[in-house]
Amino acid sequence: MDYDVLVIGSGIGGMESSIKLGDMGYKVLLVEKEASVGGRMILLSKVFPTLDCASCISGPKMSSTINHPNITTKTYSEVSGIRRDATGTFHATVTEKPTFVDWAACTGCSDCQTACTVAVPDQFNSDLVARRAAYIAFPQAVPKKAVLEREGTSPCIGACPAGIKAHGYVSLVRNGKDEEAFQLVLDATPLVGTLGRACYAPCESECTRTKLEGPVPIRLIKRFAADQHYTAQGATPSGPAIEVAPPNGRSVVVVGSGPAGLTAAWQLARKGYAVTIVEKRAQPGGYLRHAIPAYRLPHDVVDADIANLTSIGVTIRCNEPVTDLAALKERDGFDAVIVATGTQDATAMNVPNEHVAGSVNGLDFLDDVANGKAPDLTGKKVVVVGGGNVAMDAARVCLRLGAAEAKVVYRRTRAEMPAHHVEADDAEAEGAVFEFLVAPIEVIADGGRVAGLRLQTMRLGEPDTSGRRSPEPVPGAQTSVACDMVISTIGMSPDATLYEQVAGAGRGGRIKVDPRTLQTDVPYLFAAGDVTTGATDITTAIGAGRRAAHMVDRWLNGQELTGFSALDGRLDVVGADQVLRRQTAYGHRNPVKGAVDLVPRPRDFHEIEAPLTPAEARSGAGSCLDCGVCSECQECVHACPADAIRMDQREKVSQVTVGAVVVSTGYKLFAADAKPEYGWGRYPNVITGMQMDRLLAPTRPYNTVLRPGDGKVPERIAYISCTGSRDQQVGNPLCSKVCCMYSIKQNQLIMGALPLADVTMHYMDMRAAGKRYDEFYEQAKDMGAQYIRGRVSGVTEKENGDLVLRYEDTEGTGRIVEAEYDLVVLAVGIQPNRDVERLFGDERLGLDEFFYVAEPSDELDPGVTDIPGVFVAGTASGAKDIVDSIVHAGAAVAQVAAHLERSKVASTAEVLA
Amino acid sequence: MSENPTAPGLPGDDEPGRRRIGVYICHCGGNISDYVDVARVRAAIADDPDVMVAETTLFACADGQQHTMVHDIQNQHLDGLVVASCSPKLHTTTFRGVSRRADLNPYAYTQVNIREQDSWAHTDDHEGATERAIALVKAGIAKTRLSTPLSPLRVETVPATMVVGGGVTGLRTAIGLADIGLSVIVVEREAELGGWLGRLGPTFPHDTPGRDQIAGLVAQIAQRPTITVLTDAELVGKTGSFGNYTAKVHVRGETTDELRQFQVGTFVIATGADVYSPEVGELGYGIDGVVTLHEFGTLVDEATGGALTWHGRRVRSIAYVYCVGNRQAEGNAYCSKFCCAATVHASIKVSKVDPSIRQFHLHRDVRAYGRYELLYTESRERGSVYLRYPDDAPPAIEQSADGRLAVTLVDALTGPDELTIPVDLVVLVTGMVPRQNEALTSLLKLPTGDDGFYNEIHPKLRPVETVVDGVMIAGACQGPKPANEAVSGGLAAVTQSAGILKRGFAELDPLVATVNEAACTGCGECLTTCPYDAISAYPCDTGQKALVSAANCKGCGGCVPVCPEDAIDLLGYTSAQMLAAIDGLADREPVA
């Protein structure tokens, strides 16, 4: 047996049970779901009727619990699947939830909390204020250790094929940390400015805010951060924030300088490798420079991004086509080679006259334009064949070169067009025209030049393997279009000549690699980007570049080719529903969009999209819903002096065997919005009793009692008792027992804190039943609190935030009275914590009709449940105040001890027999 | 022992007599710092050459701060600890634990109370409170400066408990103790076990007859050979020390009485309470047809034939007058907690006997707390009418001409006009009063509250312990409560006893009197002063000398001032320490 007793829940009942069991010499495992022991009592201001400070009397209990030699405490952990075997031993599963902090190293300094950029409602302050996603539960937490709250991977991060922490940099910009945002992207890739413009932002499509007003402008926020950086620091170094390891004496060569190659080079250079990029063209950048037109991605932005690389020592050798990969290792001495040559070959239309003058492929066309060899198309009619992004780029470039008409012909319909919808829309706005369901069958030549294009009319047939409906010719239907130029953009593929002899080429000429490791059959040879996949997009190539760099590093260090945490083994993506359910209230946010300078027939190549203003960037970032809670911005990682943050920590599941179980899972507070007539959740100045306790506590959020709506110090305060108790309407006919007394306590404390305030309590029966409780009630009356009998029928809010209570003055005039108050406190009651139902496996723990843990013989056997060996302590079995809970826990412990002694006798008897 | 390892030193860091004391001044959230300028207190003592660490802290008792103290003690090699926060009643064990974890002798720690004895008492005078805090902390430092390492006294404990009282609490407690392996002696004053509950029929909330509950417990006790039951018996003597007491029990026999002696480790006092007995004339008590709740209970339980009768007459209407003898401005101020639910339950039983009986409940608040609310609802559904009377205007009960009873009250809902209800029976809902047990109370030196019930150490956190070591209280002797809550208390006392006795030994504070033999003249003055019989005389060459039994001494210090030769000192509170502390209070240099 691992432990004598498993105690579940560390509120006052659980702590008392554990300490007393420990004192008797039993070994106890105490499991608590929050990060700190202490339950609710530690969050209270003072306790009735002694007015002891709750911290002062429960803090030491917490300390005794955690320091007790016979108690093992697991906080931030949960119990499930409790099962009793034939011998009466219990088996339970204990799941230690990941805190993402190495608690052995954490000193509780709270630097992570200060650095964290995400604010969420602070459940330990009853949501009155915010806490950070990296947090220590509360100032008196035991153990005082930090937790990173991560509900999962934020959808934007989950959607990014480059594994860039979109939520992170959005959160940083929201906090005014623009340079940190830049550095966070830079940590993944040097191409920050490029992505800020030319990325198709799959993150935005997944953004949960899309379900409300529209997505967070994630891409433009990244561009904002990049622009801020480059403006301030020039198109060079990344600054000292980027860590570069000292040279490790080894070298890697990257063939090709597109996004995959540049990224791989960047990552390896930062790890201390001497990295050389060889590029066959005159300038680096691949399609970033040679295909994407400058009005979308200015060349100086690409230059600035590439300067990040050269600034940390990456060598880029241009005009250097590679023909022999093996020689790079054998002859030139590189330790590893990464092939990142992309998709250089344009797919041919395979129609007659394809190569006559005026018929070109899109890649060559865009390359010429990018390199100052643009043809003059003034007054010309151009037909662009294809429906991808290259087609859109080509058409829009033609218009800029003066073309009279730029017609895009595509064999399916607009719905199937692979171009990004924004690209298509923008092309149309600039004057491109589309003709759908036509396929080229012949370039019409006249005198060796293009005169037109003959087209076959198509229709959509059955969906193909990609899910798109395949076009099929309509027999006999042909048309033709007259034009001066035909640009073919129907596809591209890798040029396999470089590697087919060395590593082998697969489908479409792609280099053969293991997709997880990007290693080829030749161990030192890796590949990344479109050369391994066929044409994708920039982010996918960047992701591949990161992966290749990671794997090359592992391989060169003799390590297993795993552990690529940027994309592999991430936490599950948080669902939008989950996020939206979590929010209690939404502020409406007008979506922030970048201004795009779209005019018909533009004539130059200036960048058409305007940057966000700082205000737009903050506001746009401010609309982030923090889906994963933690944004992965890495600020805590940088801030932690103990280096204790572990983003790759995962839950730890273990099995324990115990001789007995104590269920001390406590209660839930009544959710006051289930009494809509009292306005909680809608009227900011209607709060719950627990919220008032927080306002009065020594660790109170505002350091004084004020009303949350406008910060006014309240002078007229009303209490409404029995909120959610003694109320069939909300399904709780029980009295919660504690609310009268905690209200009276608060009445006294308020009169102490705000001597000028009038306190009135509307009650049904004053249930001050307990030792010195009635005397405590009389004391409150003597201090001046008013007590009015009768149930309040409703609360309405005035424009100034004051509240009007409507009630029948039953014991006075008998009339309906409307009374005004500054602040209304709802004395919310206690409800069962139904989490208890999830604790047990096959054998269900018996509950009473109100879903509290049943004590079948509560008259003489308190604490005993219907499962032998399972006991209940505290409010898990019904409403109790603190002293009741302590006494009840004491009783439960006596029952546990009797059970364990009986078991001991039984097993000894067995041995003797 | 009177020798000090370190004499009060002169200034100078390298002085071998220097102490290394850590001083921690607590904000207590704001309980202290709202009234005392803790930063000034710190500044006032930080320069003391014996003070190595002087810090203020939000909560000295918080775990994080405890870790800091342990760290400081170890890293700064502290040999003394002063915590200026709340009452030593609250946290002495907390900070002794800190000392122990840091390998500092726990008796080198001094608790300075700047909350109960300062900030809370002087909320209107921040300046004065701050000055007072400075003086108190200086006194604490002065006392700590002269502290010597002490070791706790270890005593063997006896695995047996004496339970005083054989009602439901005592009986259930006895079974609980036996079930975890302790021997039990139950001492019951009456001839029969069972107490109040043993005389009751169906009780709330489950209608189990009290008699049956008691019978079941008695049967269980019979099966447990480790339980000895003594009826007609009273605890008359208690000697010995913590964990090992000799209890003397006087047992009345049929012919002769017997004085029996038992060795026990702990006591659980479960002597219960009495019911309030109204004065004749109080709310009509004495008039035919005016009965107490207890008398009424018997009447209802004995009702047969579908009718309730009183002196042969059929009862068709009843008025219950609540809060008799309770919640009184003059008299018993407390609420008896059980009576509302008991009365509500009685009215349900009545309606089961004869649903046609009209029942009027004249109450001040129906305190049917928790699940008892369900009984209250059922009672109303069965036709009971609840009327609330003002706190200051109790109903008047008179006999009317027809021999029936007239109850006149101001109903809060329909007032201020008076309302008279004619009824056949009036039930005075009487609560509990403390039992008259002066002999036991003074024998055990049990503290009672101003309500007359026994007091626990801390009503919130330590509800079954008393300030008397090894003596627990449970059930109604500590305050009115329903039987099931009394049972819980009894079992909690079982747990508390077991915590002490299961280890087989206990550690006692060594803060006891010690005699300087050389100075003692054997005059014997101290022997008669000691209230705990802890001092004895032993013969020696020069006559006799005083000897203190450390296990029996409570460290009250009563013997110290009576010694004409100043030969007695109290460890942990030596005369030298107290004088130094007084000097500290007066902010003077200590007198060497």
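1. Start with the inventory of chain A: this chain carries 25 helices and 38 strands. Keep in mind as you look around that the model is predicted.

2. Now for the overall dimensions of chain A. Along the principal axes, its C-alpha atoms fill a box of roughly 110 × 80 × 60 Å. The chain has 913 residues, and 54% of them count as buried. As for how the chain folds back on itself, take the contacts in chain A with a separation of 6 or more: 72% of these come from residues 24 or more positions apart.

3. One piece of chain A to pick out on screen is an open sheet of five strands. Reading across, the order is β17-β24-β18-β19-β20 (chain A), and the pairing is parallel. Which strands sit at the edges? They are β17 (359-361) and β20 (433-436) of chain A, each with pairing on one side only. On average, neighbouring strands in this sheet are turned by 25° against each other, direction ignored.

4. β17(A) runs parallel to β24 (residues 485-488) of chain A, and three bridges join the two strands. If you want a landmark there, find V360(A): it stands opposite I487(A) in β24(A).

5. Helix α14 (residues 362-370) of chain A lies across β17 and β24 of chain A, at about 85° to β17(A). Helix α15 (residues 389-400) of chain A lies across β18 (381-385), β19 (405-410) and β24 of chain A, and runs at about 165° to β19(A). So β24 of chain A turns up under α14(A) and also under α15(A), if one defines the strands as DSSP runs.

6. Over to chain B, where the domain assignment lists domain 1 (21-150), domain 2 (160-272 + 435-506), domain 3 (276-432) and domain 4 (509-571). Note that domain 2 of chain B is given as two stretches, 160-272 and 435-506. How far apart are the C-alpha centres of domain 2 and domain 4 of chain B? They lie 34 Å apart.

7. Finally, the place where the chains meet. The contact takes 61 residues from chain A and 61 residues from chain B. On the chain B side, the elements giving two or more residues are α2 (63-75), α3 (88-101), α6 (168-179), α7 (210-222), α10 (372-381) and α12 (483-501). Which of them gives the most? That is α12(B), with 12 residues. By type, the residues on the side of chain B that touches chain A split into 28 nonpolar, 21 polar and 12 charged.

Terms used:
Residues are numbered from 1 along each chain as its sequence is written. Chains are lettered from A and ligands numbered from 1 in the order in which they are written. This is a predicted model: local features need pLDDT of at least 70, side-chain atom pairs count only at pLDDT 80 or more; totals for chains, interfaces and linings use all residues. Two residues are in contact if their C-beta atoms, placed from the backbone, lie within 7 Å. Helices (H or I, at least four residues) and strands (E, at least two) are DSSP runs, numbered from the N terminus. Ala, Val, Leu, Ile, Met, Phe, Trp, Tyr, Cys and Pro count as nonpolar, Asp, Glu, Lys and Arg as charged, and the others, Gly among them, as polar. Domain bounds come from an automatic or database domain assignment. A residue is buried if 20 or more other C-beta atoms lie within 10 Å of its own, exposed if 12 or fewer, and partly exposed in between; C-beta atoms are placed from the backbone. Two strands pair if DSSP finds at least two bridges between them. Axes are lines fitted to C-alpha atoms, for helices over the stretch in contact, and angles run from 0 to 180 degrees between N-to-C directions.
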